[in-house]
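Hi,

Here is the structure I promised to pass on.

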Amino acid sequence: MSIHSVTCAVGANPITIESGKMARLADGAVTVRSGDTVVLVTVVSASKVKEGQTFFPLSVEYKEKAASAGQFPGGYFKREGRPSEKEILTCRMTDRPLRPMFPKGYLYDTQVITLLLAADGSVEPDILSMNGASAACVISDLPFSEPVGAVRVGRINGEFIANPTNPQRLDSDLDLVYSGTKDQVIMIEGSADEVPEADFIAALRFAQEQVSIICAAQEELRGLCGKEKRDYSLCLAKPELLEIGYQIAGDRIEGAIYAPNKVQRQKQVGALRDEVEAAIKAAYPAATGFDVEQVFEYIQKKAFRISIMEQDKRADGRGLGELRELTGEINVLPASVHGSALFARGETMAMGLATLAPAEEKQYLDNYTGSVDEKRFILHYNFPPFSVGDTGRFGGQNRREIGHGALAERSLLAVIPDANDFPYAIRVSSEVMESNGSTSMASVCAGSMCLMAAGVPLKRPVAGISVGLVSEFDNEGDRNPSRYKTLLDIIGSEDFYGDMDFKLCGTSEGVTGYQLDLKLPGLSLDILEEAVIIAKNARGTILDTMNACIDAPQSMSPSAPRIESTIIPPDRIGELIGPGGKNIKALQAETGTDINIEDNGTVRIYGSSQQGVERCLFLISRMFKEIEVGACYEGKIVSTKDFGAFMEVLPGKDGLIHISELAEGRTQNTEDVVKVGQIVTAKCIGIDDKGRVKMSIRAALRDQKAKEVEGEDVEG
């Protein structure tokens with residue numbers, strides 16, 4: 001058994017990649033270790049293409065094992081179940097940099113699997129999964145073009161940090177996941193706390209330097225144990241069928257793909273495709289539907305690229321740097337919805353629905369790796385089939401919806417107020433109404449607007465926009481990014497036929513969220529930096545449109561829960577709760593509220609009525625207020641004696657009103673003046689050394705009379 005390993009010094013915890021010990025029947029397998037976090041990554045690719053296969057069936061799976069952290073899984077069955085959102089997002093980050101590195105037309109079923117074997121709670125395993133997936137492909141016999149490295153970049157006190165630990169990430173204002181080859185970027189994803197664009201670009205440059213080190217280590221490992229590449233065939237458009245396709249559609253395809261709107265484009269393109277298929281089948285009866293699709297897709301892509309590269313002509317008639325028409329509206333739904341907003345860019349529209357709840361409604365997450373284990377702000381993205389004019393499966397979220405929702409969520413998180421200032425759990429639901437490109441960016445805009453409509457005091461509104469890229473075809477039909485043009489606010493066809501979908505979100509102050517998807521096997525950072533500036537400039541225009549609808553948080557909806565808080569001494573929490581919960585239950589029943597008490601003495605009061613919440617707050621403050629000599633109090637007579645009466649001065653605190661202090665003059669019997677249950681006002685006239693409180697109705701009456709006389713003198 002030959003075991004080979006390489007180590008690269010990136011960040012405080014070096015990354016070690018080892019092969020030859022485990023999973024040796026896979027086409028490629030490595031373990032990746034950083035600190036005491038270890039993942040196993042394998043890749044296997046089928047030796048034959050499935051009959052009827054029309055796309056590259058690459059599947060990437062990532063699974064966290066509870067045993068990695070020395071824990072039992074939750075639930076009745078005590079075993080790992082369906083993927084969590086975190087696992088799905090890690091799958092997506094591992095998947096996206098790999099796809100461009102396989103040759104076009106490679107349709108062999110390929111599967112990458114990452115298993116988390118050990119987790120130290122400090123090193124996050126997603127970066128290890130990404131690097132391990134590339135390394136497994138690099139040393140395998142698969143046609144994988146070149147190593148892809150991945151690094152996470154944080155920034156603490158203005159200094160960039162490679163692969164920060166989970167504790168360090170809490171102090172960082174940047175969370176950038178960057179993947180690339182030795183000299184080009186392939187994928188980025190992450191969030192930032194309104195980081196200026198110049199600093200964001202500097203972070204990209206820093207990340208590329210780290211990635212080049214990781215790529216060199218993978219090259220070293222390939223030299224030690226890499227397999228000879230296998231024989232394979234590519235499924236590409238057949239030249240003889242392309243000839244027929246050009247004869248039928250060559251002169252008309254441009255007119256079809258540039259019809260005025262999406263529906264018309266789909267109809268005209270579909271009709272033209274049917275003609276091409278009929279002509280191909282007539283000349284070559286053995287041609288498959290896949291053959292036809294390859295031909296027609298190639299013709300469309302070429303026409304699309306020629307129009308943009310040579311004529312600056314886009315499908316919907318806009319200029320390359322022109323936004324679609326922007327519209328926005330708030331409070332589109334009744335007040336039972338705490339906040340609602342509609343935002344549209346052309347044929348892309350999202351409705352944002354904001355809901356507020358007590359902070360205890362926050363989401364709790366299983367956590368084996370030391371990352372976030374609870375979320376107070378949640379954004380859910382929903383993409384129904386009617387949004388693209390189709391029928392289809394409805395209900396449940398696919399990986400795309402989870403990924404888009406995560407991007408919108410982290411883009412808005414930077415402006416969500418602190419829990420101490422706004423003690424609510426907050427949920428935004430983005431319902432896509434129409435889709436023709438970048439619905440996630442529309443979700444950010446609609447989400448920002450509906451939050452302010454709900455009364456959430458955002459630091460600033462957030463907007464997002466996408467930038468696309470079209471590069472020139474070379475003679476073999478491959479993309480040549482040396483000659484390119486960028487497109488602002490791409491529509492669906494520009495995403496499908498183009499080379500890049502770069503989404504950038506932020507406020508007027510800086511970047512908050514970003515994601516890059518690339519179909520090229522690498523892109524110069526100069527081009528990405530150009531796209532950053534394009535997106536920044538467009539964001540200002542979008543923010544102007546949003547601000548015209550709502551530029552500050554509104555008052556909260558009457559249906560939203562009301563929350564007040566106070567602090568009591570932690571050692572007196574038991575007094576508020578009472579024996580068996582007696583006191584707190586009585587307060588909740590009387591005021592119609594819910595009360596939550598934290599260990600530090602913070603008491604949060606929730607209710608649908610502001611009046612009820614304020615009443616509860618008053619009663620609690622009375623309960624923990626100290627009786628002051630000279631102050632007057634209103635309270636109930638709790639018992640009567642021959643020598644006087646006891647009144648409840650404050651909850652749980654009684655005071656004696658001596659019989660001589662019940663009224664002016666002599667009182668024969670206590671109950672001639674007061675009875676049990678009667679509400680009286682009395683003044684504290686003293687507290688003795690033993691803490692016994694002396695009260696006086698007579699003194700309170702004298703004070704009241706003196707105020708009345710003083711008032712009459714002023715009027716006179």
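Is Ala682 buried or exposed? Ala682 is buried, because its relative accessible area is 0% (buried means under 20%, exposed over 50% and partly exposed in between, with a 1.4 Å probe and protein chains only).

Before the rest, a word on the source: this is a predicted model, where local features need pLDDT of at least 70, side-chain atom pairs count only at pLDDT 80 or more, and totals for chains, interfaces and linings use all residues. Residues are numbered from 1 along each chain as its sequence is written, and side-chain values use heavy atoms, with hydrogens and water left out.

Back to Ala682: you'll find this residue in strand 28 (residues 679-687); strands are DSSP runs of E with at least two residues, helices are runs of H or I with at least four, and both are numbered from the N terminus. Leaving aside residues up to four places away in sequence, its contacts include Ala631, Tyr633, Met647 and Ile697 (contact means heavy atoms within 4.5 Å). Gly635 is 47 residues from Ala682 in sequence, yet the C-alpha to C-alpha distance is 8.0 Å.

Then there's Arg622, in helix 15 (residues 610-623). Arg622 touches Glu634, Val649, Leu650 and Pro651, again not counting residues up to four places away in sequence.

Lastly, a helix pair: residues of helix 9 that meet helix 10 include His404, Leu407 and Ala408, and their partners in helix 10 include Val444, Gly447 and Leu451.

Cheers
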